Structures are given as structure tokens and as C-alpha cells.
Amino acid sequence: MKNFKNLKKWLPLLLMICFATRLPAQCMVFPFQVDSLKKKNHQWLGLAISYYLTQGLELNSIETVSDSITQSLLNTYNIKFPYQISKASCIKLAMLAQAKTIVWGEVVASEDPQTPNIQIRTYIVAPGTYSQKYLPLIKFHLKDFYMVKQELLNLVLNYFNKKSNLYPDLKLDYHHYETFVKSFLISDMQKKISLLEILVAKRPDSDFLNFEISKAYSIMGNARKSQHYLDKITDSILFGPSKQFLKSIHLIDTGQSHQATEILHQLQNEKQFMAETQNNLGVIQARESHHSRACDHFHHSLQAKKDPQVYFNYIKCLMVQRKKSLALENLKIALFYYPDNENLIRLFSFFLSREKKSAPLLIIFKKYIPNLNLIKKLPDLPFVLKNPFELQTYDNLYYLNDFDRIVKLYGKGDTATALKNTQNLMEINPFIPRLHRFLAEIYEKQGDLTLSRQYSQSATFLRRR
């Protein structure tokens with residue numbers, strides 16, 4: 001009883017310690033919104049703030065969704081910076097990234113030059129509960145921008161019950177940092193590299209700058225140049241795993257597969273870049289003709305994250321092992337999610353040519369893929385390495401909500417509108433079997449038995465077994 005009373009006495013303190021030392025859930029920082037109509041020269045600040053916060057949180061051991069993943073998701077849903085985006089959209093994207101916390105806000109420019117002319121409003125959202133917490137409003141002059149970013153980082157870290165003890169040392173003055181951030185908005189990788197080369201010549205000691213240009217060269221396929229800038233980065237905890245991954249690509253590129261494999265296994269043990277490490281281990285095994293092991297790696301990569309290039313690697317590897325049925329099943333799944341991928345479509349052409357009744361199937365699919373032609377030989381395309389820092393492709397099946405509405409229209413007797421809208425969906429994705437079945441039903445009702453039979457055959461071909 002005495003021990004119980006002592007435990008009861010200390011229980012509140014124990015709970016407080018547990019709460020204060022809890023591991024924060026993965027956090028996603030969205031580029032802050034900017035009033036683009038008022039101050040166009042301030043638009044870059046929204047991206048500058050989110051970049052600094054993302055790096056600062058990672059530096060202080062807060063697991064954070066990378067900038068490349070955030071940008072990839074925004075691109076998938078055609079959301080361009082500077083943007084106007086709703087809280088609901090942010091929550092949806094955060095859930096896709098499996099983030100448990102959102103940090104987001106807006107930058108507001110004042111018209112009165114006599115007052116602190118910039119304000120930052122920040123809020124933290126919990127997607128699971130839709131709750132929202134506002135952080136204190138920050139007002140400042142642009143000359144105090146770096147100091148303000150540290151203040152904002154402190155506020156966010158306080159939310160996670162962490163005291164800030166590390167700040168990103170960008171080693172870039174205000175104007176250089178502005179140019180650096182604006183380089184993120186350049187989609188042409190060669191133009192981006194040209195801009196970063198100018199910057200790095202002025203500030204060769206910036207780890208952040210050297211890392212960005214190393215990433216850019218790696219994405220362009222120039223592993224030697226990537227490694228050149230990678231070697232300039234100090235041994236910072238912020239870049240450790242990323243440096244190792246980029247180094248593994250350089251080793252693979254130079255034929256040093258054994259050393260690359262050791263690095264990739266170490267990254268797996270650290271649970272870093274799980275999907276990409278599995279894929280690249282698969283590519284190494286496939287190049288050494290260990291196709292069974294390669295398939296296992298590709299399969300594990302797809303379990304970690306769906307990706308059209310990894311599907312291509314997996315399907316090609318299955319074909320080398322003469323597992324044609326399993327390869328076709330995975331191709332159907334891949335095209336369902338990624339109907340625009342050229343390599344997957346080329347594989348589809350090959351499988352289509354192997355069907356006994358390929359002619360009527362080709363008629364149907366050429367309606368939606370005009371350049372589609374039957375090919376008799378398996379496309380001779382190389383296995384593809386994955387780079388976690390390149391923009392990624394995410395599935396976007398939002399249009400299937402429209403199909404549910406189309407079925408309701410059809411049920412109410414509006415066959416003409418249902419037919420037109422379904423054909424529109426087929427233009428977006430002709431690899432969804434239920435769309436084909438629905439068209440077969442509509443054409444049968446209209447008395448066009450030839451088209452009904454053709455769509456019924458295409459639906460059967462796409463159906464997963």
C-alpha cells in the first residue's frame with residue numbers, strides 16, 4: 001500500500017516526463033501561402049520559410065516529409081507555387097504522405113512602410129482529428145528575416161515539446177538565399193544547375209547549396225559531378241543518409257556494385273529510403289543476372305511505395321524468368337495507377353500482341369492511345385535506378401468519384417450523358433476494367449452489339465485474376 005501511495009504521488013510527474021519526451025510523429029511542412037496580388041517580390045518568402053523549417057525540424061530530430069515528396073504531391077494535383085490551397089487539400093496531401101502533423105501558414109505584406117511590413121501567420125494541423133493550433137503572429141522587417149526564421153522554428157519546436165538547440169547554418173546572405181530558393185521553382189534541370197553553379201562559385205562553403213547541386217547532377221545522371229559536390233559537404237547529421245544514398249548511385253554508375261550494396265543495406269538497417277534502396281538492390285541483382293533475388297527486391301520496394309518505374313523493373317524481371325502470367329497481372333495493376341507511363345504502355349503493346357484476338361482489342365485501345373501499335377518483341381529497356389530526390393509520380397484517382405456520379409445518371413435514364421462522360425474518363429485512363437464493362441452495358445442497351453462485344457472483351461482482358 002505504501003509503494004502504491006508513493007507511485008500515486010509521483011505519477012503526475014512521470015506522465016509529464018513521458019509526454020515531454022514523446023517521439024513526434026512525421027511532420028509535413030507546406031510552402032506558406034503568399035498574397036501574390038499585393039507583393040510579387042515577396043512570393044519567394046513562402047517557400048523560403050517552409051524550406052528552413054523543414055531543415056530545422058530534421059536537424060532537431062523531428063521526422064519530416066522531404067521537400068521533394070511535398071513538391072511531388074503538389075505537382076500530382078497540379079498545385080503550383082505560389083498558390084491558394086484549402087485546409088482540406090493540405091490534409092488530403094498529408095494523409096497521402098502518411099504525415100501526422102502539418103505545419104503551414106501565410107505571409108502577409110503590409111502596405112505601411114513605417115510598420116514592420118511582413119507578418120507570418122502559422123498554424124499546426126493534426127490531419128487525424130482536424131484540429132488546428134495557431135502559433136503567435138510574427139511581425140518583422142525583411143532585414144530581420146534570418147532572425148525571424150529562427151524565432152518561428154523555436155515556436156514550432158515548442159509545439160513538439162523540444163527546446164531548439166540547432167539551427168540550419170545556410171551560409172547564404174539574404175540575396176543569395178533568395179536566389180537559392182527561387183532555383184527550386186525551375187523545372188528545367190539544366191537551367192537550375194546553371195543558376196546553382198553561379199551561386200556555389202560565390203559561396204562554396206554552403207553545405208545546403210552543395211547538396212542541392214549534387215542532387216541536381218544526380219537526377220541528370222551525372223554521378224561524377226554529383227559526387228564532386230557531395231565531397232564538399234561536411235559530416236553533418238542532416239545530410240548523412242542522403243550523402244550515403246547519392247554515393248551509392250555513384251558507385252553503381254562506376255561498376256562498384258559491392259560497395260554500393262553495403263551502403264544500401266546499411267541504409268535499410270537505418271530505415272532510410274526503404275523503397276528506393278530495395279529497388280536499387282534489385283537493379284544490382286538484375287544486372288548480375290540474379291533475377292529471382294532481384295524480383296524479391298522489386299516486390300518489397302512496391303510494398304513500401306507504388307512507383308511506375310519500379311513496376312516496370314519488376315515486370316521485366318518476371319518476364320526474364322518466364323513468369324508471363326504474373327507479369328501481366330502486375331502490368332494491369334501498374335497501368336491502373338499510372339496510365340501515362342510510356343514504358344508501361346510499351347509493355348502493354350507487347351502483351352496485347354500476344355493475345356489471340358488482339359485485333360479487336362487494338363481497335364478499342366487505339367481510340368484512347370492513338371500511337372499504340374502491336375509489338376512482337378519485349379522492349380529492350382534497361383532496369384531503372386530510383387533516386388529519392390527526383391520529383392516522384394503519385395497515383396491520382398480523383399476522377400473515379402466522377403464515375404460514381406455517372407452511374408447514378410445512367411440509373412436515372414440519362415444514357416447519352418453517361419456515355420459521353422464515361423468516354424471522357426476513358427481518355428484519362430483506359431486501363432480501368434469497370435469503365436469497359438459499363439460501356440459494354442450501355443452499347444448493349446443501345447443495340448450496338450459489335451461495340452458491346454468489343455468492350456466486353458477489353459474488360460475481360462484488363463480484369464485481374
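Two strands pair if DSSP finds at least two bridges between them. I kept that rule beside me while reading this predicted model.

**Entry 1: strand 3**

I started with strand 3 and strand 4 (residues 118-126). Eight bridges join them, and they run antiparallel.

Strand 1 (residues 27-29) runs parallel to strand 3, with three bridges between them. There, V29 has V103 as its bridge partner. Strand 2 (residues 33-34) also pairs with strand 3 in the parallel sense, over two bridges. Q33 is partnered with E106.

Is strand 3 enclosed or open? I found eight of its nine residues (101-109) buried, so the rest of the structure largely encloses this strand.

**Entry 2: aromatic pairs**

I searched the whole structure and got 31 aromatic pairs. I took F211 and F239 as one of them. Their ring centres are 5.0 Å apart and their planes lie at 45°, so I noted the pair as tilted. F211 lies in helix 8 (residues 207-219) and F239 in the loop between helix 9 (223-230) and helix 10 (240-253), so the pair ties together parts 28 residues apart in sequence. Both F211 and F239 are buried.

Then I looked at Y443 and Y455. The centres are 5.7 Å apart and the planes at 15°, so this pair is stacked. Y443 sits in helix 20 (residues 433-446) and Y455 in helix 21 (residues 449-462). Y443 is buried at 9% relative accessible area. Y455 is buried at 0%.

**Entry 3: charges over rings**

I found the charged end of K306 over the ring of Y337, 4.6 Å from its centre. R464 lies over the face of F336, at 4.9 Å from the ring centre.

Key:
Residues numbered from 1 in each chain as written. Predicted model: local features only at pLDDT ≥ 70, side-chain atom pairs only at ≥ 80, totals over all residues. Heavy atoms only, no water. Buried < 20%, exposed > 50% of the residue type's maximum accessible area, 1.4 Å probe, protein only. Helix = DSSP H or I, 4+ residues; strand = E, 2+ residues; numbered from the N terminus. Phe/Tyr/Trp six-rings, centres within 6.5 Å; stacked < 30°, edge-to-face > 60°. Lys NZ or Arg CZ within 6 Å of the ring centre and 35° of its normal.
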